[in-house]
Amino acid sequence: MPPGGDAALLGFDDFDLARLVPYPLTVIAYDTRELARVATEPLFRRIEGDRPLPRTVVLPTELAARGAPRP
């Protein structure tokens, strides 16, 4: 931690070793398989000749506190 202040880290991707980070770490966790499926579906449709309209897809996320607890 910097002298005279607290530091916290926030990341967009949960990973197996996040629990071992020695600083307070919060991550946005999401289903990577679902993200990959949603991303590749229009790609394969386009390869097959379809021209799908752009769309917005919102996947569920979770705020997950990881890392060492503060003293």
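**Close-up views of a predicted model**

View 1. Phe 12 is exposed, with a relative accessible area of 55% (buried means under 20%, exposed over 50%, partly exposed in between, with a 1.4 Å probe and protein chains only). This is a predicted model in which local features need pLDDT of at least 70 and side-chain atom pairs count only at pLDDT 80 or more, while totals for chains, interfaces and linings use all residues. Residues are numbered from 1 along each chain as its sequence is written, and side-chain values use heavy atoms, leaving out hydrogens and water. The structure holds one aromatic pair. Phe 12 and Tyr 30 form this stacked pair, 5.0 Å centre to centre with 20° between the planes (ring centres of Phe, Tyr and Trp, the last by its six-membered ring, lie within 6.5 Å; planes under 30 degrees apart count as stacked, over 60 as edge-to-face and the rest as tilted). Phe 12 lies in the loop between strands S1 (9-11) and S2 (25-30) and Tyr 30 in S2, so the pair ties together parts 18 residues apart in sequence (helices, H or I, of at least four residues and strands, E, of at least two are DSSP runs, numbered from the N terminus).

**View 2. Salt bridges of Arg 37.** Arg 37 forms a salt bridge with Glu 34, the closest N and O atoms being 2.7 Å apart (a side-chain nitrogen of Lys or Arg within 4 Å of a carboxyl oxygen of Asp or Glu). Glu 41 also bridges to Arg 37, at 3.1 Å between the closest N and O atoms.

**View 3. Arg 45 and Asp 50.** A salt bridge joins Arg 45 to Asp 50, with 2.7 Å between the closest N and O atoms. Arg 45 is partly exposed, at 35% relative accessible area.
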